[in-house]
Amino acid sequence: DLSIIDLDVPFALMFGFSSSLNAYSNLGVLAVVTWQVLFVSLPMIVLAIRLQRYYLASAKELMRINGTTKSALANHLGESISGAITIRAFEEEGRFFAKNLELVDKNAGPYFFNFAATEWLIQRLEIMSATVLSSSAFVMALLPAGTFSPGFVGMALSYGLSLNNSFVSSIQKQCDLANKIISVERVNQYMDIPSEAAEVIEENRPAPDWPQVGSVELNDLKIRYREDTPLVLHGITCKFQGRDKIGIVGRTGSGKTTLIGALFRLVEPAEGKIIIDSVDISTIGLHDLRSRLGIIPQDPTLFQGTVRYNLDPLGQFSDQQIWEVRRLIYLQFRTVSTLSDWDE
Ligand SMILES: Nc1ncnc2c1ncn2[C@@H]1O[C@H](COP(=O)(O)OP(=O)(O)OP(=O)(O)O)[C@@H](O)[C@H]1O
Ligand SMILES: [Mg+2]
């Protein structure tokens with residue numbers, strides 16, 4: 001949607017505007033030279049606009065379906081890539097491949113129908129214009145000689161021909177714009193998503209060295225992911241002493257990750273409190289909270305950049321300090337032997 005807004009909508013807008021300008025100035029010239037064309041042109045415009053509305057009602061829905069099914073396809077693809085090892089282990093490649101093709105079909109279907117609908121519209125517009133033009137020519141030929149000068153007739157016909165083209169393309173470009181503008185509508189939905197809590201709450205900042213001990217107290221902690229979903233954590237009360245090493249064990253889906261996430265307030269508790277070193281974490285800013293806790297996730301992430309950047313992304317430590325840590329954990333770099341090689 002963002003790429004459509006950035007790349008396609010400006011062009012569609014420009015083409016829509018210029019082709020409409022072209023069609024209406026064509027009509028203007030024609031009306032000035034032989035005003036009688038207005039008798040046929042105006043009903044034709046009204047009819048075309050009605051056709052356009054009829055077409056847009058379906059075409060817009062088709063574009064919407066195309067957009068929503070694209071997310072399902074992208075999701076499935078992303079999940080398949082990240083779960084490739086598991087899929088192969090269970091020899092389920094076939095099922096995922098078939099599902100992928102099915103989603104591609106579901107996504108491409110509405111796009112194709114949208115394309116067909118556009119052809120439907122163009123065909124009707126062209127038939128209509130051709131009928132009007134040929135019957136006007138026929139009437140002009142039937143009129144007694146001398147009603148119009150031959151020059152006017154020639155001009156009316158040649159402008160009428162190009163009016164046809166420019167009119168059809170104007171309607172087509174307008175419809176194209178109307179279809180693409182759906183993306184703005186879809187992106188706009190994200191504007192209303194409620195934000196996370198404040199980064200920093202000035203009047204309630206923790207001490208600079210918080211958390212000093214690292215005792216974590218859970219007080220009747222209840223968590224659910226969304227308003228209307230069941231509780232995932234059902235009122236946990238316990239206390240972890242500082243400096244202890246605690247293992248949390250439970251079957252899959254029992255809420256271990258949720259509990260860790262709650263410490264970082266990735267989900268806000270529905271009820272209950274988490275107190276770390278006598279600070280209720282719901283009362284402080286998110287930045288204060290998250291920058292003081294550390295997490296080592298299951299899946300390692302290597303950021304783009306140098307080895308040094310990966311070890312110290314915020315640039316808070318000197319080379320000496322990092323070198324010392326490296327020595328303490330016996331981390332050996334085969335290719336890096338001196339400090340000056342680090343940034344390469
Ligand atoms: N983002 C989410 N939105 C809605 N429900 C979720 C979300 N994440 C987890 N859940 C649900 O919360 C429950 C606990 O999930 P959680 O990931 O915390 O379990 P877990 O103990 O970490 O499992 P595992 O051992 O598989 O890692 C599950 O029922 C899960 O479906
Ligand atoms: Mg987990």
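How far apart do the end C-alpha atoms of residues 137–161 lie, and how much of the span is helix? They lie 11 Å apart, and the span is 72% helix and 0% strand, where helices (H or I, at least four residues) and strands (E, at least two) are DSSP runs, numbered from the N terminus.

The legends below describe a predicted model, in which local features need pLDDT of at least 70 and side-chain atom pairs count only at pLDDT 80 or more, while totals for chains, interfaces and linings use all residues. Residues are numbered from 1 along each chain as its sequence is written, chains are lettered from A and ligands numbered from 1 in the order in which they are written, and side-chain values use heavy atoms, with hydrogens and water left out.

View 1. The unreviewed UniProt entry places the feature "transmembrane region" at residues 27–49 and 137–161, and its annotation "domain: ABC transmembrane type-1" covers residues 1–179; UniProt positions are given in the numbering used here, feature names are shortened, and annotations may be inferred rather than shown by experiment. Residues 27–49 are 87% helix and 0% strand, with end C-alpha atoms 16 Å apart, whereas residues 1–179 are 92% helix and 0% strand, with end C-alpha atoms 12 Å apart. The domain assignment gives domain 1 (2–192), domain 2 (202–292) and domain 3 (307–341), with bounds that come from an automatic or database assignment. The C-alpha centres of domain 1 and domain 3 lie 59 Å apart.

View 2. On a 1 Å grid over the protein atoms alone, a cavity is a set of points where a 1.4 Å probe fits but cannot get out, and lining residues have an atom within 4 Å of a point. The structure holds one cavity of 30 Å³ or more, and the largest cavity has a volume of about 50 Å³, a volume being the space filled by probe spheres set on the points, which are joined across faces, edges and corners. Its lining consists of Ala23, Tyr24, Leu27, Ser41, Met44, Ile45, Leu163 and Phe167, and at least two of the lining residues come from each of α1 (2–33), α2 (37–82) and α5 (150–180). By class, seven are nonpolar, one is polar and none is charged; Ala, Val, Leu, Ile, Met, Phe, Trp, Tyr, Cys and Pro count as nonpolar, Asp, Glu, Lys and Arg as charged, and the others, Gly among them, as polar.

**View 3. The largest pocket.** A pocket is an open set of points with protein on both sides within 12 Å along at least five of seven lines. The largest pocket holds about 960 Å³ of space, and among its 29 lining residues Ile260, Leu263, Phe264, Gly294 and Ile295 lie nearest its centre. The elements that give two or more residues to this lining are β1 (216–223) and α7 (256–263), and α7 gives the most, with six. The lining divides into 16 nonpolar, eight polar and five charged residues.

**View 4. The second largest pocket.** About 670 Å³ of space lies in this pocket, which is lined by 15 residues, with Ile295, Phe303, Leu311, Pro313 and Leu314 nearest its centre. Its lining has 10 nonpolar, three polar and two charged residues.

**View 5. The strand partners of β1.** Two strands pair if DSSP finds at least two bridges between them. Strand β1 pairs with β2 (residues 233–240) in the antiparallel sense over six bridges, and Glu217 stands opposite Lys239 in β2. Five bridges join β1 to β3 (residues 271–276), again running antiparallel, and the bridge partner of Asn219 in β3 is Lys273.
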